[in-house]
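Two packed helices are described by the angle between their axes and the distance between the axes. Please look at the structure below with that in mind.

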Amino acid sequence: MRRGVAIVTGAAALFLAACGGGGGGGGQSLTAEQFRQQADAICKQYEDKLNELGSPSSLDDLGNFVDEAVPIIEEGNNKLSELEPPDDLSGDWDRAMELQDQNLQVARDLQKAIHDNNTARVQDLVSELDATDAESTRLARNIGLENCGQQN
């Protein structure tokens, strides 16, 4: 059971760090400062929504948490994908967004693993989220983002 609670805690922390989307949308390119302000505002908005879900303390709680978190993350991703970074930030941004899209798919897989009560798969998926989240966070920090560049 102790291992299960550690998995739950790790997964919840990763979801609270989740903020990203699919690469640049079709919008007009922003200045670096405008881009940073808008991206950070979106990240904060969706991180606040995730924080409102609380912290799960059991595998059952985690299942409910993930069920509620996935649509929030998806919506945040969509908002961020509408931003068009300036050229000098686009390489890191596009890669960070690719990683966040991967994280969203892993979150969906995690959702299924939790509902299937497959603890080993849950643990593997949490480890996968941890690795891609760390790289995504590093890239967001390189861009100069504060809210999007936080790792929990």
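Helix α4 bends by about 25° at W93. This is a predicted model. The helix runs over residues 87–115. What span should the 29 residues of α4 have at 1.5 Å a residue? They should span 42 Å, and the end C-alpha atoms of α4 are 42 Å apart, so the two values agree. Just after α4, N117 takes a positive phi of about 60°.

**Packing partners of α4**

α4 packs with α3, residues 59–81, and with α5, residues 119–143.

| Pair | Axis distance | Axis angle |
|---|---|---|
| α3 and α4 | within 9 Å | roughly 155° |
| α4 and α5 | 9 Å | about 160° |

The cut-off for roughly antiparallel is an angle over 145 degrees. α3 and α4 are therefore roughly antiparallel to each other. The angle of about 160° likewise makes α4 roughly antiparallel to α5. α3 passes α4 in a left-handed crossing. The crossing of α4 and α5 is left-handed too.

**Contact residues**

Which residues of α3 make the contact with α4? They are L59, L62, G63, V66, D67, V70, I73, E74, N77 and L80. From α4 come W93, Q100, D101, L104, A107, R108, L110, Q111, I114 and H115. By class, the α3 contact with α4 has 11 nonpolar, 5 polar and 4 charged residues.

The contact of α4 with α5 divides into 14 nonpolar, 6 polar and 7 charged residues.

Definitions and conventions
Residues are numbered from 1 along each chain as its sequence is written. This is a predicted model: local features need pLDDT of at least 70, side-chain atom pairs count only at pLDDT 80 or more; totals for chains, interfaces and linings use all residues. Side-chain values use heavy atoms; hydrogens and water are left out. Axes are lines fitted to C-alpha atoms, for helices over the stretch in contact, and angles run from 0 to 180 degrees between N-to-C directions. Helices (H or I, at least four residues) and strands (E, at least two) are DSSP runs, numbered from the N terminus. Angles under 35 degrees count as roughly parallel, over 145 as roughly antiparallel, 65 to 115 as roughly perpendicular and the rest as oblique. A crossing is left-handed if the near helix is turned anticlockwise from the far one by less than a right angle, and right-handed if clockwise. Contact means heavy atoms within 4.5 Å. Ala, Val, Leu, Ile, Met, Phe, Trp, Tyr, Cys and Pro count as nonpolar, Asp, Glu, Lys and Arg as charged, and the others, Gly among them, as polar. The expected span of a helix is 1.5 Å times one less than its number of residues. The bend at a residue is the angle between axes fitted to the seven residues ending there and the seven starting there.
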